[in-house]
Amino acid sequence: MMAKKKDKFYRKWHASPLSGGFMVTSMLGFLISTYFVYPQSLRFGLACMLVFTLMFIASLISMTKAPLMDEGK
């Protein structure tokens, strides 16, 4: 009984696959934030760039760590 409870807490972490559109959105969002939002508002521009940077990092992690999905079946 005790072993089952420990297994729930110590499961291996798995990344979920994200779409290619997620990565494109993060890149375009960063560029738009850099050229249009940042010159207008320093804090809001930096916040947007930070969010889109984190999105891009998440998409890279998903690309390398996510399990392969079999689309043929």
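Colleague: Which element gives the most to the lining of the largest pocket?
Modeller: Heads-up: this is a predicted model, where local features need pLDDT of at least 70, side-chain atom pairs 80 or more, and totals for chains, interfaces and linings use all residues. Numbering runs from 1 along each chain as its sequence is written, and side-chain values use heavy atoms, without hydrogens or water. With three lining residues, the top giver (helices being DSSP runs of H or I, at least four residues) is α3.

Colleague: How much space lies in that largest pocket?
Modeller: A pocket here is an open set of 1 Å grid points fitting a 1.4 Å probe, with protein on both sides within 12 Å along at least five of seven lines. Filling the points with probe spheres gives about 190 Å³.

Colleague: Which residues are closest to the centre of the largest pocket?
Modeller: Eleven residues line the largest pocket (an atom within 4 Å of a point). Both α2 and α3 give two or more of them. Closest to the centre are P17, L18, S59, S62 and M63.

Colleague: Is S62 buried or exposed?
Modeller: S62 is found in helix α3, residues 42-65. Its relative accessible area is 6%, so with buried set at under 20% and exposed at over 50%, S62 counts as buried.

Colleague: What is S62 in contact with?
Modeller: Contact means heavy atoms within 4.5 Å. Skip the neighbours within four places in sequence, and S62 touches A15, S16, P17 and L18.

Colleague: And F36, buried or exposed?
Modeller: F36 lies in helix α2, residues 20-40. Its relative accessible area is 59%, so F36 is exposed.

Note on methods: Buried < 20%, exposed > 50% of the residue type's maximum accessible area, 1.4 Å probe, protein only.
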